[in-house]
Amino acid sequence: MRPIVIAANWKMNTTPADAGELARTIASRTRVPGVTRVICPPYVSLAAVRDALSGEDVGVGAQNIHHELAGAFTGEISALMLDGLATWVILGHSERRAYFNETDSLVGRKLDRAVDAGLRPILCVGEVLADRESGRQTGIVDSQLRGALEGRDPVALAAAGLVIAYEPVWAIGTGRNASGADAAAMADAIRAALRPLGWGGTAEATPVLYGGSVTSTNIGDFLGEPAIDGALIGGASLKPDEMAGIAARAGLTAAARGLAT
Ligand code: PGA
């Protein structure tokens with residue numbers, strides 16, 4: 001049975017001075033049996049969040065890593081540097097793709113570094129509005145997956161706990177979320193795209209999250225879909241009330257899947 005994952009992407013928000021308290025508040029309000037929780041603060045707040053969450057069953061994640069392990073890359077952070085700070089990492093977020101020119105092949109190299117370093121990757125894929133409007137969304141996501149995953153060992157990626165987040169770009173930060181049915185159709189398409197890459201039955205075991213304007217109000221639309229295994233949450237993840245509502249709803253799905261013990 002696939003897990004239910006609720007992952008907070010704080011993006012470029014919080015400081016080391018306030019991140020710990022926010023993390024602690026969210027953790028205390030999202031303790032729901034069977035729900036896997038992750039908080040991804042900015043790099044400089046990782047230590048504060050890790051310390052604040054000690055004793056809590058909440059994973060800490062980074063929002064990116066460099067595609068090399070070390071070297072002359074001013075201003076960058078490698079997977080090795082996250083040792084002791086993070087156990088998850090978001091890769092290929094659409095903001096990285098759009099503003100920092102990350103390509104599918106670069107994202108694939110980052111995946112390798114994450115796997116080598118023992119970080120659990122959340123690989124983001126998703127189409128822009130023009131692709132959705134012209135009905136090309138499945139082809140776009142298929143090619144993003146192929147570009148990042150082709151030639152990479154499905155067994156190693158599955159062992160690393162790879163999670164895929166479907167985040168339509170037009171839904172991120174816009175207040176315009178996809179429908180549950182559209183997200184579920186894409187989750188099916190994602191698993192179908194993994195099979196020819198050698199994933200076989202592992203595709204079915206791969207968690208697929210939805211992301212893009214998720215709130216406590218619409219989370220049920222996504223978690224009501226058996227193909228969807230949780231959410232990657234941006235704006236609402238900075239609001240403890242929202243996270244409490246999202247986690248509570250996630251708990252219902254976790255219980256229905258027999259994950260809550
Ligand atoms: P949003 O961001 O929830 O603010 O739309 C989601 C994301 O970018 O992961």
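Let's start with the aromatic rings: the count here comes to two aromatic pairs, where rings of Phe, Tyr and Trp (its six-membered ring) pair if their centres lie within 6.5 Å, with planes under 30 degrees apart called stacked, over 60 edge-to-face and the rest tilted. Tyr 210 and Phe 222 have ring centres 4.0 Å apart and planes at 10°, so this pair is stacked. Because Tyr 210 sits in strand S7 (residues 208–211) and Phe 222 in helix H10 (residues 219–223), the pair ties together parts that are twelve residues apart in sequence. Helices (H or I, at least four residues) and strands (E, at least two) are DSSP runs, numbered from the N terminus. Ring pairs also bring in Tyr 166, which forms a cluster with Tyr 210 and Phe 222. Both Tyr 210 and Phe 222 are buried (under 20% relative accessible area, with exposed over 50% and partly exposed in between, using a 1.4 Å probe and protein chains only).

A word on the model: it is predicted, so local features need pLDDT of at least 70 and side-chain atom pairs count only at pLDDT 80 or more, while totals for chains, interfaces and linings use all residues. Residues are numbered from 1 along each chain as its sequence is written, and side-chain values use heavy atoms, leaving out hydrogens and water.

Now step to Thr 206, in the loop between helix H9 (202–205) and S7. Thr 206 has 3% relative accessibility and therefore counts as buried. Leaving aside residues up to four places away in sequence, Thr 206 touches Arg 2, Leu 162, Ile 164, Arg 191, Leu 194, Trp 199 and Asp 229, contact meaning heavy atoms within 4.5 Å.

Next come two helix pairs. Helix H4 (residues 104–117) packs with helix H6 (residues 137–149) at an angle of about 50°, their axes 7 Å apart. That makes H4 oblique to H6; angles under 35 degrees count as roughly parallel, over 145 as roughly antiparallel, 65 to 115 as roughly perpendicular and the rest as oblique. Axes are lines fitted to C-alpha atoms, for helices over the stretch in contact, and angles run from 0 to 180 degrees between N-to-C directions. On the H4 side, the contact includes Val 107 and Leu 111, and on the H6 side it includes Ala 148 and Leu 149.

Helix H1 (residues 16–29) and helix H11 (residues 240–256) pack at about 30°, with axes 9 Å apart, and are therefore roughly parallel to each other. Here Leu 22, Thr 25, Ile 26 and Arg 29 of H1 meet Pro 240, Asp 241, Met 243 and Ala 244 of H11.
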